[in-house]
Every structure is written in C-alpha cells, then in structure tokens.
Amino acid sequence: MSTLADHGGELIPRPEQTPDALRAALAVVAPARLEEMQATKDEAFAKAVEWESLSPVRSWVLLWSRDIEIARRPELAARFERAQSTLEDEDPDIAREALRELTAVLDEAMKAVRG
C-alpha cells in the first residue's frame, strides 16, 4: 500500500466513477462498508430497471464517490467524524455547528468528485 506522501495526504488516488473502481477503492479505505455498498448497488440497479432510468445508478455512483472521497482524505474524514460525533449534542449551538461542518464536508467531497 502507498504512503500518504505518495498522494499528497490522500490514502489512495481518486478512483474512476465505475462500480468496479469504486469497489476496489472502498476495499482499501473502508472495507467494513463493502457489504453496504453491494446492498445499495443492488437497490439502485433494481430501481433503474423498475423506473426505466439510469438516474438511480448515477445517484449510487455519486454517493459512493463522495463517501470514498471523504474516506481517502484523512483530514476530511477526521472533520466528518468530529462533526458526526457532536451532531446530537445537548447544546444546540454545538449541534448546529456540527451540522454546518457536516454539510461543508459533504459539499467539499461532492464538489471534488463532480470536478
């Protein structure tokens, strides 16, 4: 496996937006989520057939591209985890800030994968 320095602080390079490339990337950065990925892929493909539309598949690709983007960038992943851990804080100001930060992380990751 490569070091962080090899990819500018990233665990792996950004994968192509194909099911196989995303699965291979997830196997490196978050292998515990592989079963979840497969289940959501099955759902997306079933909806695509039912709806006669590729939009569920495209949504699946974007969602997993975003999640892998977060996982492959340790700094972004740490921000995500911190925000999630305080999202339900009793102090409404802390919870609001956590929601703001979580939204910022998700937006940053989505912007990165959309190019």
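The model is predicted: local features need pLDDT of at least 70, side-chain atom pairs count only at pLDDT 80 or more, and totals for chains, interfaces and linings use all residues. Residues are numbered from 1 along each chain as its sequence is written, and side-chain values use heavy atoms, with hydrogens and water left out.

**Fold and dimensions**
- The protein has 5 helices and 0 strands, in the order α-α-α-α-α from the N terminus; helices (H or I, at least four residues) and strands (E, at least two) are DSSP runs, numbered from the N terminus.
- The C-alpha trace spans about 45 × 35 × 25 Å along its principal axes.
- Of the contacts (heavy atoms within 4.5 Å) with a separation of 6 or more, 56% join residues 24 or more positions apart.

**Burial and surface**
- Of the 115 residues, 32% are buried, meaning under 20% relative accessible area with a 1.4 Å probe, protein chains only.

**Helix pair H2 and H3**
- Helix H2 (residues 34-51) packs against helix H3 (residues 55-72) at an angle of about 160°, and their axes lie 7 Å apart; axes are lines fitted to C-alpha atoms over the stretch in contact, and angles run from 0 to 180 degrees between N-to-C directions.
- H2 and H3 are therefore roughly antiparallel, the term for angles over 145 degrees.
- H2 contributes residues including Met 37, Phe 45 and Trp 51 to the contact, and H3 residues including Trp 60, Trp 64 and Ile 68.

Key. Buried means under 20% relative accessible area, exposed over 50%, partly exposed in between (1.4 Å probe, protein chains only). Angles under 35 degrees count as roughly parallel, over 145 as roughly antiparallel, 65 to 115 as roughly perpendicular and the rest as oblique.
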